[in-house]
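Student: Could you take me through this structure feature by feature, giving the general idea before each case?
Tutor: Gladly; let us look at it together.

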Amino acid sequence: MRADPLDYLTHELSSLREQGLYRRLRVLDGEQTARASVDHRSVVNLSSNNYLGLTTHPKLRERASEALSALGVGTGSVRTIAGTMEIHMELERRLAAFKKTEAAVVFQSGFTANAGTVSSILGRDDAIVSDELNHASIIDGARLSRATVKVFPHRDIGAARTVLEALPRGQRTLLITDGVFSMDGDLGALPALCDLADEFGCIMMVDDAHASGVFGQHGRGTIDHFGMHGRVDVQVGTLSKAIGALGGYVAGSRSLIEFLHHRARPFLFSTSHPPSVAATCIAALEVLQTEPQWMERLWDNTRFFKGGLQALGFNTGISESPITPVIAGENALAMKLSDRLFEEGVFAQGIGFPTVPRGKARVRTIVTATHTTDELQFALDCFRKVGAELGII
Ligand SMILES: Cc1ncc(COP(=O)(O)O)c(C=O)c1O
């Protein structure tokens, strides 16, 4: 019989099991909601990025259905051949207005927006200066670009300056940060980085995946929150988190966007969004304008839950956003915390090394606008019970 050439993968999986890092996929039995049925169990769901509860908003459902009936289920082509519909153009006009830029372009995901952009606007002779905790899609885009990559310690502006000073004068350089860091929930050091970008003549890029719909006026993101309009050359956002659907986008100057039309590989070589997704996203942008109550509730819930965890004595790190980590320490302890919470009726995913530094394994919680106070209090009671049982508090 033929030996299995993929046998080494089975060994890798065994090693993950030994380290307590093997995770079975949890499966939602129904919709992505604040209280959800996961693996046939009703739980308070603290694991989604559905910040504003838009995954099930009636207006978004209605627009998706209308587009499905009027325009079909798919586009049948990449954007540059036959896959651009008027509804894609409309979404991009709305996104540019939302981000206060000249133009915008939509990608299939936030991941491809980052990776496709970084890899196409930089090349072998250029440099990328990147926060150490930037998202994987930025890291992959940087590798694909073949530029020289220099990483500075998280939010360390002094170190970023030292890196920039050491680069050859005149070398084209991208300075890049996440707007909100997905594992710790803290904000990128945007004003100070924009100052550095001005001083050293860098291209300034921000990945606002977790900030759009959450920070700034009507959810415009951290650039708006910090008053940095006009100082960030490349803004990335996602349509997969607060917007509730799927996709990513880049907002910036007309030339940037036209260049991406010609050179960003996911735009050129992968099929465009179904029209129903574009319609959903347009409706979500309207909701951000007309229904400010969702952002208000998101922040009320964030204060309530974060304050509750801190009052119980948990280490919640340096979060400034609805993402609140509960840092447990070793991988096995964080996974145990997550598993016990699930048994008690709370779904909060465990995250360990190498996604976060060794000894900082955690359960990551994200509240949404649609959690009720009772649901959040129930979750806090479960955290108290399980945290004490495991000796974390
Ligand atoms: C900071 C950050 N950037 C980009 C992405 C990718 O976004 P998407 O899920 O739309 O691909 C994520 C999400 O996983 C993220 O956390």
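Tutor: A residue is near a molecule or strand if one of its heavy atoms lies within 4 Å of it. This is a predicted model, in which local features need pLDDT of at least 70 and side-chain atom pairs count only at pLDDT 80 or more, while totals for chains, interfaces and linings use all residues. Residues are numbered from 1 along each chain as its sequence is written, and side-chain values use heavy atoms, with hydrogens and water left out.

Student: How many residues surround the ligand, and which are the closest?
Tutor: The ligand is surrounded by 14 residues, and the closest are Asp207, His210, Thr238, Ser240 and Lys241. With Ala, Val, Leu, Ile, Met, Phe, Trp, Tyr, Cys and Pro counted as nonpolar, Asp, Glu, Lys and Arg as charged, and the others, Gly among them, as polar, the shell divides into two nonpolar, nine polar and three charged residues.

Student: Which polar side-chain atom lies 2.6 Å from an oxygen atom of the ligand?
Tutor: A polar contact is a pair of N or O atoms within 3.5 Å; within protein, one must be able to donate a hydrogen and the other to accept it, and residues adjacent in sequence count only if both atoms are side-chain atoms. The atom you ask about belongs to Ser240, while a side-chain N or O atom of His210 is 2.8 Å from a ligand oxygen and a polar side-chain atom of Lys241 lies 2.9 Å from a ligand oxygen. By the Shrake-Rupley method with a 1.4 Å probe (for residues, only the protein chains shown count as cover), the ligand taken alone exposes 390 Å², of which the protein buries 83%.

Student: Which helix gives the largest share of the shell around the ligand?
Tutor: Helices (H or I, at least four residues) and strands (E, at least two) are DSSP runs, numbered from the N terminus. The largest share, three residues, comes from helix H4 (residues 110-121).

Student: Where do Pro354 and Asp39 lie?
Tutor: Pro354 lies in the loop between strand E12 (350-351) and strand E13 (361-366), and a cis peptide bond with omega of about 10° joins Phe353 to Pro354. Asp39 lies in the loop between strand E1 (35-38) and strand E2 (41-45), and its phi is near 50°, a positive value in a residue other than glycine.
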